[in-house]
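Visitor: I am new to this structure and would like a close look at one part of it, namely the salt bridges. Could you take me through them slowly, and then show me what surrounds them?

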Amino acid sequence: MDKQIKDKERELAAREKAIREKEAELAQKEKALDPFSMAVKIKKESWYEKVKLSVRQMDAIIWVVSILLGIVVILIILEAAGIYKLPF
């Protein structure tokens, strides 16, 4: 029983170490961003602060808008090919 507990503790310690390493890599990547990328990131974060929505709600809005955009692109392609004519 002790061996199982120690094995699990080692596994958890290894996972924690891997997570810390990934976080350190991410921090380095953020520091390495050029000034333009940092400006864009700061601007996006300021927009998210103004919108009082959760991340899940923002994701849902993004998916809906993406699907609608895809439908518009498909309709444009069909109309350009002469397969479908828009009624107006």
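**Salt bridges and their setting**

Guide: A salt bridge joins the side chains of Glu-11 and Arg-15, with 2.8 Å from N to O. Please keep in mind that this is a predicted model, so that distance is computed from predicted atoms, a salt bridge being counted when a side-chain nitrogen of Lys or Arg lies within 4 Å of a carboxyl oxygen of Asp or Glu. Glu-11 and Arg-15 both belong to helix α1, and because they are 4 residues apart there, about one helical turn separates them. Glu-11 has a relative accessibility of 42%, and therefore counts as partly exposed, since that class runs between 20% and 50%.

By the same rule, the count of salt bridges comes to 3. Another one pairs Arg-10 with Asp-7, whose closest N and O atoms are 3.2 Å apart. Both of these residues lie in helix α1, which covers residues 2-32, and their spacing of 3 residues is about one turn of the helix. The two partners fall into separate classes of accessibility, because Arg-10, at 56%, counts as exposed, while Asp-7, at 34%, counts as partly exposed.

The remaining pair is Arg-20 with Glu-16, where the closest N and O atoms are 3.6 Å apart. Arg-20 and Glu-16 are 4 residues apart in helix α1, so about one helical turn lies between them. Glu-16 is partly exposed, because its relative accessible area is 47%.

The protein chain has 3 helices and 0 strands, and when it is read along the sequence the pattern is α-α-α. Its radius of gyration is 24 Å, whereas a compact globule of 88 residues would have a value near 12 Å. Taken along the principal axes, the C-alpha atoms fill a box of roughly 75 × 40 × 30 Å. Buried residues make up 0% of the 88 residues, and the chain exposes about 8600 Å², of which carbon and sulfur atoms supply 66%.

Elsewhere on that surface there is a part of another kind, a nonpolar patch formed by Trp-63, Val-64, Ile-67, Leu-68 and Ile-71, which together have about 540 Å² of accessible area. Trp-63 lies in helix α3, which covers residues 55-81, and this residue is exposed because its relative accessible area is 61%. Just after α3, Gly-82 takes a positive phi of about 80°.

The mean pLDDT of the chain is 86, and 98% of its residues reach 70 or more. Among the elements of the chain, helix α2, covering residues 35-50, has the lowest mean pLDDT at 79, while α3 has the highest at 92.

Key
Residues are numbered from 1 along each chain as its sequence is written. Side-chain values use heavy atoms; hydrogens and water are left out. Helices (H or I, at least four residues) and strands (E, at least two) are DSSP runs, numbered from the N terminus. Buried means under 20% relative accessible area, exposed over 50%, partly exposed in between (1.4 Å probe, protein chains only). Patches are made of residues with over 30% relative accessible area and no salt bridge: like charges are joined within 9 Å, nonpolar side chains (Val, Leu, Ile, Met, Phe, Trp, Tyr) within 5 Å. Accessible areas come from the Shrake-Rupley method with a 1.4 Å probe; for residues, only the protein chains shown count as cover. pLDDT is the predictor's confidence in each residue, from 0 to 100. The radius of gyration is taken over C-alpha atoms; the globule rule is 2.2 Å times the number of residues to the power 0.38.
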